[in-house]
Amino acid sequence: MGLIGILIGLGLLVWFAFRGWSVLILAPAGALIAAAFAREPLLAHWTQTFMGSAAQFLAQFFPIFLLGALFGKLMEDSGSVTAIANTMTERLGKEHAILAVVLAGAIVTYGGVSLFVAFFVLAPMAGALFRAAAIPLRLMPAAIVLGTSTFTMSALPGTPAIQNAIPMPFFGTTPFAAPGLGIIASAIMLGFGLWWLNRAETSARHSGESAGVSTAAADDAVDNALVRELATTAREFDPAEIRRGHLSETSPPIFVAALPLIVVVGVNFLMSMFVLPRHDATFLAEPRWGATSLSAVGGVWSVVVALFTAIVTLIIINRQRLPALRESMDAGANASVLPALSVASLVGFGAVVAALPAFAVVRDWVLSIGGGPLVSLAVATNVLSALTGSASGGLTIALDALGPTYMDLAAQHGIDPALLHRVAVIGAGTLDSLPHNGAIVSVLAVCGTTHRESYFDIVMVAIVGAIIALATVIILGTMFGSF
């Protein structure tokens, strides 16, 4: 009965979440259903197991949600994201429209700009560029997803994405874990995705397909309640805050626009590789600091310092373009709350499920998958991210339940934890792009296309390309270890 309860609770969570119900309600309800079937104490699981795990997630990662949303909103309101997108468009032109959209998305998201902010700015630019180049608008969501939601989220070393931060406390790694393998995976995702989109463009031209007409504007997606509920479980920015603040009437020069992004990457690297490794943090072992270690918190500290430094830099160099600074910062801060609570609720649901006796069956099945720990870890993060529609939620659930086990297996098999980190993050970023994923629903709404028109191409660039990259990383990691 316990396993049946887990399946029913999970099924109801996925079913109603896809229909726009709040995860803040669904996650505890699904957890209590699973606990009831197992005849476990309901109130204890809600207030102790569920809330304890959700609170721990917030304690670890809310600073990244907060600073990431603040940074994204300030980059948007200062005109910096628009300046970068326009520069890519002007430099590459309509002859390389797909490449311009992909690279513009990659630059801003690798630099720390929130995903929905990137969608909101890139979609109008991409639409105009695709029309000028006579490229079908149905390919626009796939181009944006390739640039914003694949290699810059899960593979490129040092990315400040929350998905790349989640494994760090579990494995004692940094944002630059397995950099060589991450670069190889990024090249595969980018190369395969561009090949597929260029192939689709060529095929459309040969068949005489026109650009088509978009059925909605980016502004319409902001007011869509379904988009908001799904988007906040997928990424770190609440779409409802996108219109608040004050958008600059002028854009900064490209160097000024790009400088905060460079600061994020540079400070993150310096903190991870030089500053924190030389820092005496033995005091963290004291009970007053949670009896933790630098390896458990250092990765998060690196990202937090990088984002904070970039925000200060952005404000200093764009102060005249931020006339309503308080309103912009309020909007950014508010935009971080619902996504953080939504993902924390998913984590709480996973904690209750993992605490039930029947979960032992699931754990044993995952660990018995052939191919070794890397393969079973990839399967676990894939499946949970697919079911929850959230890479961050699925990844945290998997590592909360199985992280210590995989660390033991890594010690037994001589596997570098950095390799576990990279496999887990890339795995979480593959099947999370199923139709109910919030980022997918959001980008389709922003671009004004439908699943029927655009989803197949999204599958090819976001799922197939990522699976090929994941398989390559597992093979190379098994043969040569982490590098």
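**View A. Helices around the largest cavity of the predicted model.** Helix H3 (42-77), helix H8 (151-154) and helix H9 (162-165) each supply at least two residues to the lining of the largest cavity in this predicted model. Of the elements that take part, H3 gives the most, with three residues. The lining consists of 19 residues, and those lying nearest the centre of the cavity are Gly112, Pro160, Ala161, Ile162 and Glu236. Across the model, the count comes to four cavities of 30 Å³ or more.

**View B. The second largest cavity and its lining.** With a volume of about 120 Å³, the second largest cavity is lined by 16 residues, of which Ala17, Val23, Leu230, Thr233 and Thr388 lie nearest its centre. Helix H1 (2-18), helix H13 (225-234) and helix H18 (373-388) are the elements that give two or more residues to this lining. The most comes from H1, which gives four residues to the lining of the second largest cavity. By class, nine nonpolar, six polar and one charged residues make up the lining of this cavity.

**View C. The largest pocket and the helices that line it.** About 390 Å³ of space lies in the largest pocket, whose lining is made of 22 residues, with Leu10, Phe359, Val362, Leu384 and Leu387 lying nearest the centre. At least two lining residues are supplied by each of H1, helix H16 (325-355), helix H17 (359-367), H18 and helix H19 (391-413). H18 provides the largest share of the lining of the largest pocket, namely six residues. The lining of this pocket has 20 nonpolar and two polar residues, and no charged residues.

**View D. A nonpolar patch on the surface.** Ile184, Ile475, Met479, Phe480 and Phe483 form a nonpolar patch on the surface, and together these residues have about 500 Å² of accessible area. Helix H22 (residues 451-480) gives the most to the patch, with three residues. Methionine 479, one of the patch residues, lies in helix H22. This methionine 479 counts as exposed because its relative accessibility is 54%, and exposed here means over 50%.

Terms used: Residues numbered from 1 in each chain as written. Predicted model: local features only at pLDDT ≥ 70, side-chain atom pairs only at ≥ 80, totals over all residues. Heavy atoms only, no water. Patch = residues over 30% accessible without salt bridge, like charges linked within 9 Å, V, L, I, M, F, W, Y side chains within 5 Å. Areas by Shrake-Rupley, 256 points an atom, 1.4 Å probe, with all protein chains shown as cover. Salt bridge = Lys/Arg side-chain N within 4 Å of Asp/Glu carboxyl O. Buried < 20%, exposed > 50% of the residue type's maximum accessible area, 1.4 Å probe, protein only. 1 Å grid on protein atoms, 1.4 Å probe; cavity = no way out; pocket = protein on both sides within 12 Å on 5 of 7 lines; lining within 4 Å. Points joined across faces, edges and corners; volume = space filled by probe spheres on them. Nonpolar A, V, L, I, M, F, W, Y, C, P; charged D, E, K, R; others polar.
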